[in-house]
Structure formats: C-alpha cells, structure tokens
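Here are my notes on the structure you sent.

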Amino acid sequence: QPLDLSDFTRRVVTRITRSNPDAADIVLEAPEEVRVTADAEALGTILENLISNAIKYGGEPPRVEVSVQALDREAKIEVRDHGPGLDGKAANRVFDPFVRGGGDLVASRPGIGLGLYLVSELARALGGSVRAMNGDGGGLAMCVFLPLRPHVEGGIIS
C-alpha cells in the first residue's frame, strides 16, 4: 500500500517511546513526506526490530537516532546506536540466521540471532535491502533502503 515513510516511522517511534518511556532516548529526524509502497506490517516489524536492537546494544544510557530520507531512487531509514558496533567478522554475517554479534554485551543480552535475518528478508520482500555499518568512533548504523514510489501529478510521473 502507498505509505508516507516519515509519518509511518514517526508513529512507530511514538508507540515504542510511549510503551517504555525509560528504555532509551530516541531522536527522530524525518522530512515532511517520503513516499514508498510497502506492507505496513512488514515495515513495522523491520522498524521495531532495528530500534529494539539499538536500545539493547546501544550503550548506557541508550541513545538511538532514527532518520528517514529520500535519495535519488530510494528511501533510506537509518537506525543508529552508540554502542560498541560490530567486529569485522560479525558485520559480514549478522544477517544470517542464528548469527549474533560477538562480545560481552551481546552475550549478556537475550536473543537467538533471527531478528536481523527477519529484517533482511522483509526488506528484500519489499524490494529493498539492508546494510550494517560501524560508525566512526563506535556505534552501529542499520540502513534499510526501499524503492521510492513515483510521484504522479497531472498524469506525469516524476
């Protein structure tokens, strides 16, 4: 269905923040409108999983930055935390089933390694992709890319 990705992301972040207001400081940056065509349930699962992981592994106290932007031909959702990030080996396999990042922080948190696999499969089913990137100075950015929905005005597609 046609969705405004900015508005949809704003509603998911609000729901997460209201359900557990002390879990993390979540900052959202989203422009007025980014149009995509997506399954709302699948997109909600993607966002909830990425934000949950960012809270879980994002350091103490967790700070999560969520942004939405329109690129040339695709929309980008970025969920960034300020935790330790991933080591090189884990970054290459983190979207495989039953694989979790290494380190004491990951070992101390519950999980079986299916969340990011699910995110990658849902992103692919929506015609998109997902990437994990370590930030400069620590932290992890999970970036989901989805095709933009063409804008039709007066019978002209732009």
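1. Contact here means heavy atoms within 4.5 Å. Leaving aside residues up to four places away in sequence, Glu78 touches Glu65, Val66, Ser67, Ala141, Met142 and Cys143.

2. On provenance: this is a predicted model, in which local features need pLDDT of at least 70 and side-chain atom pairs count only at pLDDT 80 or more, while totals for chains, interfaces and linings use all residues. Residues are numbered from 1 along each chain as its sequence is written, and side-chain values use heavy atoms, with hydrogens and water left out.

3. Glu78 belongs to strand 5 (residues 74-80); strands are DSSP runs of E, at least two residues, and helices runs of H or I, at least four, numbered from the N terminus. With a relative accessible area of 12%, Glu78 is buried, a label that means under 20%, with exposed over 50% and partly exposed in between (1.4 Å probe, protein chains only).

4. The Glu78 side chain has polar contacts with the side chains of Lys76 (3.2 Å) and Arg80 (3.0 Å). A polar contact is a pair of N or O atoms within 3.5 Å; within protein, one must be able to donate a hydrogen and the other to accept it, and residues adjacent in sequence count only if both atoms are side-chain atoms.

5. Strand 5 and strand 7 pair antiparallel over seven bridges, where pairing requires at least two DSSP bridges. Cys143 in strand 7 stands opposite Glu78. The open sheet has five strands in the order 2-4-5-7-6, with mixed pairing.
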